[in-house]
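Colleague: Please show me the model, and then we can go through the contacts between its chains.

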Amino acid sequence: MTSMKTRAFAETQVGEHLPELVIPVTVTLINGGAIATRDYFPGHHDVAAARELGSPHIFMNILTTTALAQRFVEQWSGPLAVFRDIQLKLGAPNYPGDTMTFTGEVVERDEASRTLVVALKGKNSMGNHATGKVTVVLPA
Amino acid sequence: MVGREYGRVYAWDRVNAPMIRHWCEIMGIDNPLYTNPEFARQQGYADVVAPPGMLQVWGMGGLDQENFPEGSSTENNFEVLKVIEPHGYPAVVAVNSDLYFDRQIVAGERLYFTSRLDSVSEEKTTPLGTGFFVTVLMTYFSQQDAGDEEVGRQLFRVFKFKPAQRPQEKPAAKPAEAKAMKRPLPGVSDDTRFFWEGCEAGKLLIQRCTDCQTLRHPPAPVCIKCHSFDWDSIEASGKGQLYSFVVMHYPEVPPFDYPNPIGLIELDEGVRLIAGLVGADPATLEIGQRVQVEFHRFDDQQNLPQFRVVAA
């Protein structure tokens, strides 16, 4: 749950680790995430179509991964952090039955603009599903 | 085709609270800025704010991925995929999405985007298959009376490919599940079996020439000093020092944790071996540090010697 308190820029430091976020990857999350992001690509909801593409099961769409990366950072930063970017590279697919764990740390910090860069990874049993970075601006 | 610009594609719906709420619900996001108009107004916004991760969502076609509202460009910004596909590359998967936000977007705004085909890679082979990386850049705008305003940008990259393999359909009763990666097992030969059996018994064994008593590691059939074929082994103290080390950062190969420090250990008995370092902050490792062996069991199938830095 997102803390209602937004983290102040002064409270943060480079090297600080964000609390882990463990996401059970379910058929419901993959399906629901795809439809909530208006993505009807069959590989995200139709197991037979996914197999035709060479996948063992339906797989999470990148728009859901983007949302979960936002959630991971926001749960730490609080509700009023302003996102400047979310940059993600996908690796191992997220299939139902797996678990994805987000870890991340503050890698850059700019005093003048109160901007932080968080480097993050979402790892499942096969490796990194997503790696990337997120830039947020925090209140003073 | 690379460099081609594609015209406006309008969002089906204005940025709106119901779509935001549905998205927040499935994603597990409970920030009141997105769902509570009163909270949003207290923060100075006219209505609820759109989550930044939804930027691309507003411009999605929906059930028919190429069906957009009247006035939208009829050209498909990913038309190059249809050029590639007939050459035997049926599958597509998204590999990069970089979203950049110029400002917060508030419920009620009407968005559109334009695109440019940025690049098509050479043919590449990945674990998924062989194909091409296609990168499209999108710019998102909000329609405003005083002139439309850029609100964000996106780099979207897909891999258009020929799948490496097509799994056989499995019975419905036995759903396919992702298999967790295990550590690779060592190749065991008649020369090395004693070492791995020693590990299973929690002993670090070093090969010894029974003619000249010279110790050797890694195991080999012949004495490096007197060329005798006769050997036995002794149990090492497990104490030594860090002779050298590396810290693996990239690529991250499962199931190992990264950064992954690996030591070249000089045992007090005089031979060196390579092993993982445990409990170490890679930043504090130094050549010459004292280390002590520990055995750890992995995947319920192998015991591996690993070393921990200890006080001198």
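Colleague: Which residue of chain A meets the side chain of Asp257(B) in a salt bridge?
Modeller: This is a predicted model, where local features need pLDDT of at least 70, side-chain atom pairs count only at pLDDT 80 or more, and totals for chains, interfaces and linings use all residues. Residues are numbered from 1 along each chain as its sequence is written, chains are lettered from A and ligands numbered from 1 in the order written, and side-chain values use heavy atoms, without hydrogens and water. A salt bridge is a side-chain nitrogen of Lys or Arg within 4 Å of a carboxyl oxygen of Asp or Glu. At 3.4 Å, N to O, the partner of Asp257(B) is Lys123(A).

Colleague: How many salt bridges does the rule find across the interface of chain A and chain B?
Modeller: The contact (heavy atoms within 4.5 Å) takes 50 residues from chain A and 56 residues from chain B. Across this interface, the number of salt bridges found by the rule is two.

Colleague: Is Ser228(B) buried or exposed?
Modeller: Ser228(B) lies in the loop between β8 (215-216) and β9 (231-235) of chain B. Among the residues in contact with Ser228(B), leaving aside neighbours within four places in sequence, are Cys209(B), Pro221(B) and Cys223(B). Buried means under 20% relative accessible area, exposed over 50%, partly exposed in between (1.4 Å probe, protein chains only). Because its relative accessibility is 8%, Ser228(B) counts as buried.

Colleague: How many Å separate the centres of domain 1 and domain 3 of chain B?
Modeller: Chain B is divided into domain 1 (5-163), domain 2 (187-235) and domain 3 (238-312), with bounds from an automatic or database domain assignment. Taken over C-alpha atoms, the centres of domain 1 and domain 3 of chain B are separated by 46 Å.

Methods. Helices (H or I, at least four residues) and strands (E, at least two) are DSSP runs, numbered from the N terminus.
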